[in-house]
Structures are given as C-alpha cells and as structure tokens.
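Here is a brief report on a single protein model.

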Amino acid sequence: MIRVGTRGSLLATTQAATVRDAIRALGEQAELVIVNTIGDRVSGPIVEIGVGVFTSALRDALLADEIDVAVHSLKDLPTAQDPRFSLVAVPERADPRDVLVSRSGSRLADLPPGSAVGTGAPRRSAQLRLARADLEIQPIRGNLDSRMRKVATAECDAIVVARAGLLRLGREQEATEILDPAVMLPAPGQGALAVECRSEAPVSLTEVLGRLDHEHSRVTSAAERAVLAELSAGCSGPVGALARIDAQTLRVEAAVCALDGSRQIREAQSAQLLNESHAAALGRRVAESLRSMGAMELVGAVQDTPGLS
C-alpha cells in the first residue's frame, strides 16, 4: 500500500486524490493519509507564518516513515534542493493563471474605485496596485472555501485566487474574470503539483511515481522556479513568472513589482526547448536580466518590510 500524504483542506485532499487515483490506475494500491500542519491551525496572514509550514509537516511525515509520498502545491515547495527528498513527478499542470471573483460580477477594470479586493499574496497585491491604484487591497488568508465566503458575505468586494484551485473543486464557473498574465503574472509553479518522496525511497516506488510525470509541466515549472531561485525572493516575494511552450520553443516571462505598485520590472526571453536543465538555464537568464534592471531593489523592499520577508 502506497501512503499518499496530504494536508487536510478540501483542496489539498482533492489534489492528492488525483495522485492516489493515478497510482491506482497503474495497478498499485494507494490510500490518503492526512497530515496536520501549523498552517492549517493558525489564522495569521500567510506572509507572517510563511508557506513553508505547508510543506515542512509533510516532509517530517516522510522522514518519520508515516507516509511514502507527499503531494504539495509546487508553488509552496522551496526552490532550494534538499538532499533528503526527491521530486519524482510533476503531474499534468492545471491552468496557472489567476482569476478575479467579484460579488457584483464586475471585471477588474470595472470595479468601482475604493472596492475592497482580498488577497494574501504580496505578488498579487503589488500587481493589483499597479493595475488599479484606486482599489483597497485587503489582506486575507485561509482555505479556498473561506476566501470565497468573504465575497459572498460582503467582507470583500472581490478576491484574487488561482484558477487551478477552482478547476480542481469544480467551481470554475464562479470566477468573474480570468486575469490576463499581462496584468497578473502567476506565481512560479502555480497550478502544478509536486509529488515528493524520500531520496532513498525504493526504486520500485520511484519508478511507479515517475510514471505520473508530465514533461511539459515539469519543464515549464522548472523554468519559472529558476527565476524565483535566482532572485532569492522566496515564495512570498512579489515575483511572477510564466513559461509557455509553443512547438519546440520555450518562452519565459517574469516580473518583479514594487509592493505599492509604483514600479514594475518585466522581462521575457525564448529559446529552443531541449530539456529541464535548459529550461532552468533560460529561467536564470531571465532573472539575471531582471537583476540588471534593478529587480533586487524591489525584492529587498519586501524582505525589509516587517511581516513580509
């Protein structure tokens, strides 16, 4: 029996269930194991508690041999390699874009001035301020259901969330607008799942899990995460990135935005798609260009802001 570890939220268990079912489809037995995390128990803003709380408990469970495989949202996984763990598969990725959910049904451009838009991510806050300096950005956190309720109960006029979460829960029709990446670049790796096991896991297990890997999803997310790693911004930084494949060409676009929306540095480059290593190299080149344009000043502003480092 392959024990698939997951957080206990509806979205996390739904995501992990897709991995469990894919393992079963390969003829193996698999079951979900719920792992409680600090992030599920506390209510502070995500920029204060850090997204690492969502991965550390699952990794602890791996090391304690309580689970055989952990399923993470890839955007929550640290970019720094930890030799104790192996990222054995990135299943086919869902739509990485963000969406607006508004109570009135208005699109972002049509929200009345002063509308309260909820998000817990500095990346989203910064890009929202860049697009609409007249909006009130309201910090929120919690699982997807609790964030959606803030619109229904009029605590917020609108919220910005990942489209992938709505798709996986069958609630995509509740999105008012799919936000164009020209306005809202997603988080690196958004929409992708990470299937992780111990680095010394049996070959029989890694071979099964490796069959869940989706090449284009791994390549695009590797390019995006290379941007983040090169900028040393962490998952809570104001960095957006999106990699796309057209035929055999990989295009990586990334941006760093000032928290107050006063400035954005943006860069895009393309190269022939060869493999994951070349994709990561392209991501690093994009990050180096952003550095040369002053991106580290904007990243440093976040790291120097209390509660946002």
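The protein has 11 helices and 13 strands; both are DSSP runs numbered from the N terminus, with at least four residues (H or I) for helices and at least two (E) for strands. This is a predicted model: local features need pLDDT of at least 70, side-chain atom pairs need 80 or more, and totals for chains, interfaces and linings use all residues. Residues are numbered from 1 along each chain as its sequence is written, and side-chain values use heavy atoms, without hydrogens and water.

Of the 309 residues, 54% are buried (under 20% relative accessible area, 1.4 Å probe, protein chains only). Among contacts (heavy atoms within 4.5 Å) with a separation of 6 or more, 69% join residues 24 or more positions apart. The accessible surface is about 13100 Å², and carbon and sulfur atoms hold 47% of that (Shrake-Rupley method, 1.4 Å probe).

The second largest pocket has a volume of about 430 Å³. A pocket is an open set of points on a 1 Å grid where a 1.4 Å probe fits, with protein on both sides within 12 Å along at least five of seven lines; lining residues have an atom within 4 Å of a point. Of its 21 lining residues, Thr79, Gln81, Leu87, Arg225 and Glu276 are the closest to the centre.

| Element | Residues |
|---|---|
| strand S4 | 85-89 |
| helix H9 | 215-231 |
| helix H10 | 276-292 |

H9 gives the most, with 6 residues. Domain 1 (1-91 + 192-213) and domain 3 (214-301) each supply at least three lining residues.

Definitions and conventions. Buried < 20%, exposed > 50% of the residue type's maximum accessible area, 1.4 Å probe, protein only. Points joined across faces, edges and corners; volume = space filled by probe spheres on them. Domains from an automatic or database assignment.
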